[in-house]
Amino acid sequence: MSAFKDLNSHLEATTIKNSHSVKESATHKMETRPLVSVVCLCYNQQDFVIEAIQSVIHQTYSPIEIIVVDDASSDNSARIINEFCSVHPSIRFLDLKINVGNCKAFNQALMLANGKFIIDLAADDILLPERVEEGVNLL
């Protein structure tokens, strides 16, 4: 009877130890997920830019860094983005006062990006909720 009790204790201890190893492994994997930077470029997209940014916020993947660039829009895009960012302070906003064009605006944001991966998002587009997660899993 004593040997059976010792065997049960050993099996329970091994199960608990293995259970902790699996949890630690899962936690370690979550902690090492690469940062993804999403650069959202805006030029006169006041009607769409918030939906584009929200599509990034609602991603199933984490961690994500959001950088929004307004390239001197002549509509209310910059004001709308600025108001949205006041409620979401983790979003970085570059409000360019002189139109520099798509490539230069993107490059300015790229210099600020910290992500291992970069996604270029037009302000009149959206990302499906699993877009970032599926992309990272493929890389």
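## Packing of α2 and α3

Helices α2 and α3 of this predicted model run roughly parallel to each other (an angle under 35 degrees), because the angle between α2, residues 49-57, and α3, residues 77-87, is about 30°. Their axes lie 10 Å apart; axes are lines fitted to C-alpha atoms over the stretch in contact, and angles run from 0 to 180 degrees between N-to-C directions. The crossing of α2 past α3 is right-handed, that is, the near helix is turned clockwise from the far one by less than a right angle.

On the α2 side, V49, I50, I53, Q54 and I57 make contact (heavy atoms within 4.5 Å) with I80, I81 and F84 of α3. By class, this contact has 7 nonpolar residues, 1 polar residue and no charged ones; Val, Ile and Phe count among the nonpolar class, while Asp, Glu, Lys and Arg are the charged class.

## Chain overview

The chain holds 5 helices and 4 strands, taken as DSSP runs of H or I with at least four residues and of E with at least two. Along the sequence they follow the pattern α-β-α-β-α-β-α-β-α.

Of the 139 residues, 32% are buried (under 20% relative accessible area, 1.4 Å probe). The chain exposes about 9,000 Å² by the Shrake-Rupley method, and carbon and sulfur atoms supply 56% of that area. Among contacts between residues at least 6 apart in sequence, 80% join residues at least 24 apart.

## Basis of the values

Residues are numbered from 1 along each chain as its sequence is written, and side-chain values use heavy atoms, without hydrogens or water. Local features need pLDDT of at least 70 and side-chain atom pairs count only at pLDDT 80 or more, whereas totals for chains, interfaces and linings use all residues.

How values were computed. Parallel < 35°, antiparallel > 145°, perpendicular 65-115°, else oblique. Buried < 20%, exposed > 50% of the residue type's maximum accessible area, 1.4 Å probe, protein only. Areas by Shrake-Rupley, 256 points an atom, 1.4 Å probe, with all protein chains shown as cover.
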